Amino acid sequence: MKSLRRIMLVEDNLNDIDLTLAALEEHHLANEIVVARDGAEALDYLYSRGKFAGREDGPPAVILLDIKMPKVSGLEVLRQMKSDPALSTLPVVMLTSSREEPDLAASYSLGANAYVVKPVDFQQFVDAVRQIGVFWAVVNEPPPRNAIK
Amino acid sequence: MPLRDLPIRRKLILLLLLTSAVVMLLMRVSFFTYEYLTFRRETIRQLSTLGEVIAANSTAALAFDNQDDAREILAALKANRHLVAAALYDGSGKFFAGYPAARPVTAFPTVPGGAGFHFEQSHLSGFQPVTQRERRLGTLYLQLDTGVVMREWLWGSLQIALGLMAVIVGVAYLLSRALQKQVSQPILALAETARAISERKNYSVRATKLGEDEIGRLTDAFNQMLDEIQVLNRDLERRVVERTAQLEAANKELNRSRAVFESIFESLPGLFLVLKPDLTIVTASDAYLKATMTTREKMVGQNMFEVFPDNPAEPDATGSSNLRASLERVLATGTTDNMAIQKYDVRRPDGVYEERYWSPVNSPLLGVDRRVEYLIHRVEDVTDFVRQKPAQDGDPDAMRIKLEQMEAEIFQSSQKVQASNQQLRSANAELEAFSYSVSHDLRAPLRHIDGFAGLLGKSDGKQLSERGRGYLAHISDSARQMGTLIDDLLVFSRMGRSEMNLGPVDLRQLADETVQAIKRQEAAERKIKWELGALPVVHGDRPMLRQVFVNLIANAVKYSRPREEAEIEVGLFDEPEEWVIFVRDNGVGFEMQYAQKLFGVFQRLHRAEEFEGTGIGLANVRRIITRHGGRTWAESVVGSGATFYFSLPKNPGIKT
């Protein structure tokens, strides 16, 4: 089995964080997970600034990004990442409650790599998170390190 | 003819002749000069030889002083007819003897001059010493008449010169005639070509090149010029053709659009008459012709008041004079003039006058210089209106007031419609925000309930009682059901709000796709007899109409589940104004008294244990069909199946 790469979860709701971590743990995908509680914190982490200044562990393999968050929304984070050549190659999976068309359209037009609606059914949710985790943190080959500054 | 106008051929011949003549002449002159000088020298030499002979002969006569001998010796000079005088002088210079003897002594020089002969006018004369053994005995004088000799010599010389000239000029003429062709031929050929081209306008002709000299180069340049002219000419011709075609097309288009505009004007539903400022009629709308019972041919070009005179049976009629006054006001002010309702009797073709009431408006058509170019006379035939309301509204002004009131009311209600449109828009925006928030925020707690219930079951399920585990399952079920309800509601709300993308939709194709999809899922283990009829292509929103088929066919499959072999039919009734499409099953059916409730949101006629579902599918169907301008209804006999109908208008004025 391939080694696990770091997953970043950007999520404001504690319940969702617990459930997502539980789902990842259930499939042993949770050994390295970074959680940001809103968009601003996520950007600080990605740019190694603020409380993440001096961080040297490089970018995560994938970012699971919620849309509706306080301060900086997921769509804003996505927009900033995709317009910065240093971050634009990082895979971003939108993980959100909303199936609303405007959200879908905005996410894809900003360059999201995938869009997953969190199912209400927990078992389905676990499945979805497992598939995301396995695909992005194990199966998928991330962009070369020198492509991300 | 001046030299410059002579043909080149003659010019060349003349040139050559002139040149050779001049050369000839110059040569002749120099030769003549030479000959003349030689002639003089020779004459002098001859005379001095004669002088020496005579002098030698006369030594004896002089020595012996014998004058008779001397005279005799001199007389011998007679043989030379040009010698006109001769004389001998003795040693002392005294006249001794003379010739001719008759010549007086005074006619001779009185004393002898120095030795030597000289020309003097027409004579050559001079002195010759007479010596004997170095002893000077006397002097001889001789005078020769050179005039005659010179004349003879000159004449001979001239004859030779003229003869030679004639021969040379003749030869030169013949030669030049033959040789000038070398020069003139190519020029003439070139000129001939140029003339041919300018006369026949044939630019494909080329001059023949006869040599590599300047004319050859000129021919080349000329031909090259012709090439260019030919290309230019061809280009020009092509452009003329193109431009002509364009012009023709433009003309055609102009005529066509003119015809279109004419027919548009003529078929305008109102009564229109177009006048020139001098009140002659330019044209009229068909409606006007109909109302005035005349034809366009009879009125165009005529003065309006000759075509439409006042009724002579009514001397008080003011129609014409009012109209004339109004038209004059328009001409004077350049602005529209509304006239009060006029009683105006129309003359029928049979000459009888018919009473009409007209409401005319006269407006100007201004030209670029802001002057009135045409007058537009528009009338409203209000005869029926006036006749119907003579009791209440005999006064046309009262009617005008009423009309204005009506207009004001219409304006007010349109304001109201605009206001409620605005309200509707903001309500829609709120609904949008509401469903966005529902989508995000309402589903999250449900997910958490189900999630934590699931986690609880996993971590501590074994410690719970059977009943406790049942409760956990109920919690999860309820949360999931609520999730489904919310999703369905959101879809329903979206169906009402989202923009419709209209286009042709093949309903048969939609039905086929839906049946295939259902066959792959639920109906895989079922025995279903499908019967799909012909369906039309309609104008609508494809995803929405697919939703209709999905809901209706899925319902048919669901409610026919108890049947061993389900029969599902999709078919069409082709009505004059609309298509009626139906989906029929042999399922459990429903009681007709609840038929109207079926299409409401969350309305169900069965318990969830019997048939799953949220009761939103048919509400969606109704909403979609309504937005397409159609209707929905259903028929059923309990226990033997149901038929769901929806209609779509054939000529849709769809509300979006």
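This report walks through a predicted model of two chains, A and B, from a sheet in chain A to a cavity lined by chain B.

**The sheet in chain A**

Let's start with chain A, where five strands form an open sheet in the order β2-β1-β3-β4-β5, with parallel pairing. At the edges stand β2 (33–36) and β5 (114–117) of chain A; each has a single partner strand, so one side of each is left without a neighbour in the sheet. From one strand to the next, the twist averages 20°.

For a close look at one pair, take β4 (residues 92–96) of chain A, which is joined to β5(A) in the parallel sense over four bridges. Within this pair, A:L95 stands opposite A:V116 in β5(A).

| Helix (chain A) | Strands it lies across (chain A) | Angle |
|---|---|---|
| α3 (residues 74–83) | β3 (62–65) and β4 | about 175° to β4(A) |
| α4 (residues 101–110) | β4 and β5 | about 155° to β5(A) |

**Where the chains meet**

The size of an interface is often given as the accessible area lost when the parts come together. Here, the area buried between chain A and chain B is about 2,100 Å², and carbon and sulfur atoms give 52% of it. On the chain A side, A:K68, A:E100 and A:V120 lose the most area to chain B, together accounting for 34% of what that side buries. Counted by residues, 23 of chain A are in contact with 23 of chain B.

Moving to chain B, strand β6 (residues 271–275) and strand β7 (residues 281–284) pair in the antiparallel sense over three bridges.

**The cavity**

Finally, the structure holds one cavity of 30 Å³ or more. About 90 Å³ of space lies in the largest cavity. Its lining is made up of B:Y288, B:M304, B:F308, B:G319, B:L323, B:Q342, B:Y344, B:W358, B:P360 and B:H377. At least two of the lining residues come from each of α9 (319–333), β9 (342–347) and β10 (353–366) of chain B. By type, the lining divides into seven nonpolar residues, three polar and no charged.

Methods:
Residues are numbered from 1 along each chain as its sequence is written. Chains are lettered from A and ligands numbered from 1 in the order in which they are written. This is a predicted model: local features need pLDDT of at least 70, side-chain atom pairs count only at pLDDT 80 or more; totals for chains, interfaces and linings use all residues. Side-chain values use heavy atoms; hydrogens and water are left out. On a 1 Å grid over the protein atoms alone, a cavity is a set of points where a 1.4 Å probe fits but cannot get out, and a pocket is an open set with protein on both sides within 12 Å along at least five of seven lines; lining residues have an atom within 4 Å of a point. Grid points are joined across faces, edges and corners, and a volume is the space filled by probe spheres set on the points. Ala, Val, Leu, Ile, Met, Phe, Trp, Tyr, Cys and Pro count as nonpolar, Asp, Glu, Lys and Arg as charged, and the others, Gly among them, as polar. Two strands pair if DSSP finds at least two bridges between them. Axes are lines fitted to C-alpha atoms, for helices over the stretch in contact, and angles run from 0 to 180 degrees between N-to-C directions. Contact means heavy atoms within 4.5 Å. Buried area is the accessible area (1.4 Å probe) that two parts lose on being put together, summed over both.
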